[in-house]
Amino acid sequence: MVVGLFLCHCHAKELGSTTFLVSNGVDETVYSDEGLEHPCTSLVCGDGQECVLDDSGMAECACIKKCIPSSNDIPLCSTRNETFSSECSFLRERCLCVQGSSECEDKAHVSAHMDYYGKCQELPECEEAELEEFPIRMREWLYLVMEELDEREDLSEGAHRMLEEAKGQTSRRWVLPVIWKFCELDQTGDRFMNTDELRPITAPLKPVEHCTATFLENCDVDNNGRIDIVEWGSCLQLEDDEIEDRCDDLRN
Ligand SMILES: [Ca+2]
Ligand SMILES: [Ca+2]
């Protein structure tokens, strides 16, 4: 029950083993779990939204009423080069603008996206020599990420098996991590990574690795705005016969 509540961005406090205090930022209600489920439990709301109850007690999604500041907040730079104090404040503002709310500060935010974590900054130009070594560093980094996740036991069983296999390929141990990352980022499973799907790597990487954007633009060889596994593998300098779709192995 609590997990479901977190999905809807409600705030739940456990009062006893079967009783919860549910707050959506406006109302607080005590719910007892004697076969009674909070209506928000099964509702998953989109970015910048939270679950609220309408007058008749039905669950619905609405833009987040208020972002509660936290010491974990990280500023965010949008694709319009504007800094927001947190991801919540950015997503809330965009939600308000999409819904045409009078609280929307700038209608142009309808089409804004998160660009990277951190305050907006002038990113240095990516030099040719840096771009050349970028794939080599990136594929090695992917191997290390996989290894670290495995140590923390945060890898799925399929991914763990793939890492074990990669460890056996000592001279080119990054090949399978490159394939693993592609499958992981392709959330929709359509075998393409679009800009939204690439965000888990671009958002943290862009401010520290200023060649990230240029590198990814170059990966999209046919310029269709998305990267397929061949484009991804070639971009990270895998040999043609090493680029293999193993996404089904990872999902099973
Ligand atoms: Ca996809
Ligand atoms: Ca492409």
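Visitor: Where do I start with this one, say with how much of the contacts at a separation of 6 or more comes from residues 24 or more positions apart?
Guide: In this model, which is a predicted one, residues 24 or more positions apart account for 51% of the contacts in the protein that have a separation of 6 or more.

Visitor: And how many helices and strands are there?
Guide: The protein has 9 helices and 10 strands, and of its 252 residues, 29% are buried.

Visitor: OK, the largest nonpolar core then: which residues touch the most other members?
Guide: That core holds 24 residues, and the ones touching the most other members are V175, V178, I179, W180 and F182. Two or more residues come from each of α3 (128–151), α4 (157–168), α5 and α8 (229–235), with α5 giving the most, namely 7 residues.

Visitor: What is V175 in contact with, leaving aside neighbours within four places in sequence?
Guide: With those neighbours set aside, V175 is in contact with A166, Q169, L238 and E242.

Visitor: Which residues does the second core include?
Guide: The second core, which is separate and has 13 residues, includes L76, F84, F90 and Y116.

Visitor: Switching to α6, which residues are buried there?
Guide: Helix α6 spans residues 195–205, and its buried residues are I201, A203 and L205.

Notes: Residues are numbered from 1 along each chain as its sequence is written. Chains are lettered from A and ligands numbered from 1 in the order in which they are written. This is a predicted model: local features need pLDDT of at least 70, side-chain atom pairs count only at pLDDT 80 or more; totals for chains, interfaces and linings use all residues. A residue is buried if 20 or more other C-beta atoms lie within 10 Å of its own, exposed if 12 or fewer, and partly exposed in between; C-beta atoms are placed from the backbone. Helices (H or I, at least four residues) and strands (E, at least two) are DSSP runs, numbered from the N terminus. Two residues are in contact if their C-beta atoms, placed from the backbone, lie within 7 Å. A nonpolar core is a set of buried Ala, Val, Leu, Ile, Met, Phe, Trp, Tyr and Cys residues joined through C-beta atoms within 7 Å.
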